[in-house]
Each structure stands twice: as C-alpha cells, then as structure tokens.
Amino acid sequence: MPELKDRAYWLEKAQTLQIEGRAFIDGRYVDAQSTETFSSYSAIDGSLLAPVALCGGGDVDLAVAAARRSFEAGVWSGLAARERKAVLLKWAALLEAHSDELAVLESLDSGKPIADTTGSDLPGTIYCLRWFAELIDKVHGEVPATDPQFFGTVTQQPLGVVAAVVPWNYPLLMAAWKFAPALAAGNSVILKPSEKTPLSALRIAGLAMEAGVPAGVFNVVSGDGAVGRELSLHGDVDCIAFTGSGKVGREIAKNAAASNLKRVWLELGGKSANIVMADCPDISHAARSAAAAIFANMGQVCSAGSRLLVQRSVVEPLLRELLAASDDYQPGHPLDPASVTGAIIDAAQFERVRHYIDLGTQEAQLLKGGRQLSPVEGGAYLEPTIFLAKDAAARIANEEIFGPVLVVIVFDTLEEAIAIANQTEFGLAAAVWSSDLKTIHTATRQLKTGTVWVNCYDELVDMNFPFGGFKESGNGRDNSAHALSKYTELKSTIMRCA
Ligand code: NAP
Ligand code: MG
C-alpha cells in the first residue's frame, strides 16, 4: 500500500526530523570557531527550529583554504569529467532518496507549501544537479582556423574557488543553480545560504560527502550577511555568484573590485510585466496564469508577474476572471498538501509588503485582499492582493514588493505597453498574450528582459533555457550550457608545429 502523504504524515515527519545546525567545512560538520550560534525559525509559526553555527571571518578563511587546497590538489578539478559526473549523479540519487525529509525541512524553514517543496523545489534541485552532471562529459573545446604551421585549441578550465551566496525564496533550488554548474565544471565551492533558511543547505552537504564529493570541494558556511561580505572581499575567492537584492548585489560588486577583482555574477530582482492584448487567444487562461504568476510562492519570486498590463477593451472580462482565480491562492497550513500557498518568510518581510499595501491604498484602487490571515498562529500570512493603478508611475507599479501583490495597469496601444514594461530599472522577465504574429514579434524583440513568455507565464523555467536579467536585474545567466561559462575561464593554446 503506498503511504498516504497527508497533513498528519508531514506533521509527523516535521516532529521527528534530526536537524543539523553546524557548518560544513573541509568535509566535516563543525561549530563556528567562536562557538556562537543564531536561531533558525520556522516561517510556519515562528517556532525555533535549531541553533545554527554563526560563522565569521575565521570560518570563512578555513572554508576558503579548504576549497583552495582541494582545488589545487586536483581531487575534484583533476578528475575526468565522467568521474565527477558519476559522483554528482550519486548525490542527486541521495537527494531523491531523502526528498521527503528535505522537502519538509525546506517547508518548515521557509513556510513554503509542502506541495511546492515536494512538487517543484526538490525535483527542480535534483534535475538541475543531474542536468549539469550529464552535460559535463559532453563539453568540447574549439579548434579555430590557423595558418598551416600552427595548431590551436580553445578550452574551458575551472576557475578555482567559487562562492555562492543565495536567498531564502527557493533556498535549495537557487543554491543548486549555482553549485551544480560550478561543481560540474571542476571548481571547489563555498555555499552561503540565507540566515532565514540555512537548514536544507547544511543537510545536503552531508549527502554530498556520502556521495563521494571530496573534503573541501563543497562547503556550507552558515551565518548572516557578514559571511557573504567576507566572501566578497576575500583575496582567494575567484568568483562570487549571487542571487538576491540589488542593494547587496551592488555591495558585492564593489567589494570584488576593492579586493581581487573576482568574477561577479548577479541574479537580482524584477518587476515583470505580463501584457494582455485585446486579441489574447484565451482570456480565461491569461487570467488564471496571471494569478499564478504573482501569487505562487506568496509572490516571493524574482520573476513574478507583478505588473499585469491590460489593453483597455478587455479589462472587464480579464479582471472578472482574475479576481475569481485569485481565490485559489488563499494561504493555508504549509504542511497541508492541499495548501497552494503558505507563509511570508518572516515578520520583517511581512512588514515590507504591508508598507507597500498601505502605499497602494493611497496610490491606487484596492480591488481585492490586503488583509493579514492566520491559518497558523505565529506565522505571517497574507491574502492575495490586487490593485488597479491610476497611474503607471505609481511606486507600487515600479518597485519590487516581493509579496502577493499584483498591480493592474490599463493601456491603449502596444507601443504604450512596451514603454511601461521597459520603464523600470529591472529586466528579468515579461510576457505577452496575443494572437497576432506581428504584435508578438514586436513585443518579444522590444521587451528588455532575459525571458519573454508568449501566451503563457512561468512555463519551462528548466535547465535548457538561460535565466537571468537585462539592466539592473543582473548579469550572466543561470541554467543551460551558457551557465558553465560563469565558472570557467577560456584558454587559448597555440602551438607552432612546423
Ligand atoms: P538579500 O538580502 O540580498 O540576501 C541574499 C543573500 O545575500 C543572503 O544569503 C544574505 O545573507 C546575503 N547577504 C546579505 N548582506 C550581504 C553582504 N553585504 N554581502 C554579501 N552577502 C550578503 O536578498 P533576499 O532578501 O535574501 O532575497 C530577495 C531578493 O532576491 C529579491 O530582490 C529577489 O528579486 C532576489 N532574487 C532574485 C532571483 C534571480 O534569479 N534573479 C532569484 C531569487 C531572488 P542573510 O540572508 O543571512 O542576510
Ligand atoms: Mg527559517
């Protein structure tokens, strides 16, 4: 009989979890040198989950030294690609074998619904690891044309020590988007998870070791932003790959410049425009998709469709369907498999979102939501919220809120829609809904974003498509074979043969 994975099952799993709160440095779980800890709380109800090692500069030095040693010794960087592939595939299999445990840990720490962590975060993480493992023994260099007496190659070499600093909205998945390509390429990695969600990263480090990742090759240094800062300033870190806010991204870029000019890759915020033209092939589909685009993961998604641009003649039917569709995103207990959304990460983020809701009631018309709910005491839960903007220049229509707040903006012409879509500092994603090829072609070319969806939203965010932003949404791309170029140097080798 297959096990019934109902709410009772997940609550029981949550209660019996063995939580690891120590950092993972040089192949071992260790306390911070200072022995200091910080508290990791559950976003579900604010309860204490575990004390976690509060690492500092000394711990960062140890992790960097271990990563450097392992890199120079060639215990990973010097393996044949197919050998690294075998270890990474084994690690992926271990993640799969532990996926219930990891999913419940992720839901507890972050407040994400268990349906998402089991159905998306864990499978996505495992798929990412497998994808880069499978890619790495199929990478070929180039043999450019030369004069006949020469022979030359262009090859990719790993960088060395890669630091990955990641946020709390998809703790494991965002980490995997960095460490999978970096490790596959032969680098040694130091992962710094958010202090709001450090637990899943710490847990998978032990599984990496079990899979055969050598000591020093994958380290997890827990702590607050100071750990990320130390990594960004460190003279022996070759690259820092960051996902998070623009404010911190800027600081990392400055610190990299002030230290050793380490490579800096930034995946930052967004305020993505979802444009519905009057000739949209299916208004009902567009409305349901628009609701999912902003309310999934409580709107805590960098590529969330947080601005819905609607051509005037279809505002009425679209809004009617949208308001109905948004009912599906009322938050519930995150460990109930029937819950589609869960908790906001913490009180600070909740306050930030509430501030924007207050602002919205002055700047725009509140169509729905805006109230705090409490499906679980002690957590921060919010109704799906929809505003109709009076003016596309309103702050709530241009600043990233990172919560379940949608702003609807009415426009008249495609030209106007594209201008509004492109008016923010961001350029992560956009969508256009239309039946007209010319409209679609114009929009996809003119929207200044790293991803454009046509007649869909948030589809196929998978390993085959690069993900990242134009403008202040960052640089470089996660996912796809292009991501390897972030973690490798190109080498031109030129031989005189005659
Ligand atoms: P954040 O405050 O920028 O934090 C991101 C990471 O940086 C955390 O691990 C944080 O540690 C660390 N950090 C804090 N201060 C630092 C410093 N001075 N130097 C180096 N690292 C430092 O962002 P967040 O609030 O976690 O995440 C939300 C933001 O991420 C949103 O803007 C969202 O759009 C963006 N995001 C972008 C993508 C994308 O792919 N483009 C994906 C997801 C999220 P602590 O948490 O311990 O302070
Ligand atoms: Mg937490």
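In this predicted model, Glu195 counts as partly exposed, its relative accessibility being 37%. The residue belongs to the loop that runs between strand E7 (188–192) and helix H7 (199–211). Its C-alpha atom lies 10.0 Å from that of Val227, and the two residues are 32 residues apart in sequence.

Leu79 also counts as partly exposed, at 26% relative accessibility. This leucine is placed in the loop between helix H2 (57–73) and helix H3 (81–97). Along the chain, Leu79 and Gly186 are 107 residues apart, while their C-alpha atoms are separated by 8.0 Å. Lys85 lies in helix H3. With a relative accessibility of 16%, Lys85 counts as buried, because that value is under 20%. The C-alpha atom of Lys85 is separated by 24 Å from that of Trp265, a residue 180 positions away along the chain.

Ligand 1 sits in the largest pocket. Helix H8 (225–233), strand E9 (239–243) and helix H9 (246–258) are the elements that give two or more residues to the shell around the ligand. There are 30 residues around ligand 1, and those that come nearest are Val166, Lys192, Ser245, Leu268 and Glu400. Sorted by class, the shell holds 14 nonpolar, 9 polar and 7 charged residues.

Several contacts between ligand 1 and the protein involve N or O atoms. The side chain of Ser245 has an N or O atom 2.6 Å from an oxygen atom of ligand 1. For Leu268, a backbone N or O atom lies 2.6 Å from a nitrogen atom of the ligand. At Arg229, a polar backbone atom is 3.3 Å from a nitrogen atom of ligand 1. On its own, ligand 1 has 890 Å² of accessible area, and the protein covers 89% of it.

Two residues other than glycine have a positive phi. One of them is Asn297, where phi is about 55° although the residue is not a glycine. Asn297 lies in the loop between helix H10 (283–295) and strand E12 (307–311). Its relative accessible area is 1%, so Asn297 is buried. The other is Ser480, which is likewise not a glycine and has a positive phi of about 70°. Ser480 is buried too, since its relative accessible area is 3%.

Ser480 is found in the loop between E19 and E20. The loop links strand E19 (451–454) to strand E20 (488–496), and Leu460 is found there as well. Leu460 has a relative accessible area of 55% and is therefore exposed, the value being over 50%. Lys486 has its place in the loop between E19 and E20. Lys486 counts as buried because its relative accessibility is 2%, under the 20% limit. Its side chain is joined to that of Asp478 by a polar contact of 2.6 Å.

Gln349 lies in helix H12, which comprises residues 347–363. With a relative accessible area of 8%, Gln349 is buried. A polar atom of the Gln349 side chain lies 2.9 Å from the backbone oxygen of Phe402.

Among the helix residues described, Lys85 in helix H3 and Gln349 in helix H12 are buried, with relative accessibilities of 16% and 8%.

Methods. Residues are numbered from 1 along each chain as its sequence is written. Chains are lettered from A and ligands numbered from 1 in the order in which they are written. This is a predicted model: local features need pLDDT of at least 70, side-chain atom pairs count only at pLDDT 80 or more; totals for chains, interfaces and linings use all residues. Side-chain values use heavy atoms; hydrogens and water are left out. Helices (H or I, at least four residues) and strands (E, at least two) are DSSP runs, numbered from the N terminus. Buried means under 20% relative accessible area, exposed over 50%, partly exposed in between (1.4 Å probe, protein chains only). A residue is near a molecule or strand if one of its heavy atoms lies within 4 Å of it. A polar contact is a pair of N or O atoms within 3.5 Å; within protein, one must be able to donate a hydrogen and the other to accept it, and residues adjacent in sequence count only if both atoms are side-chain atoms. Accessible areas come from the Shrake-Rupley method with a 1.4 Å probe; for residues, only the protein chains shown count as cover. On a 1 Å grid over the protein atoms alone, a cavity is a set of points where a 1.4 Å probe fits but cannot get out, and a pocket is an open set with protein on both sides within 12 Å along at least five of seven lines; lining residues have an atom within 4 Å of a point. A molecule sits in a cavity or pocket if more than half of its atoms lie within 2 Å of its grid points. Ala, Val, Leu, Ile, Met, Phe, Trp, Tyr, Cys and Pro count as nonpolar, Asp, Glu, Lys and Arg as charged, and the others, Gly among them, as polar.
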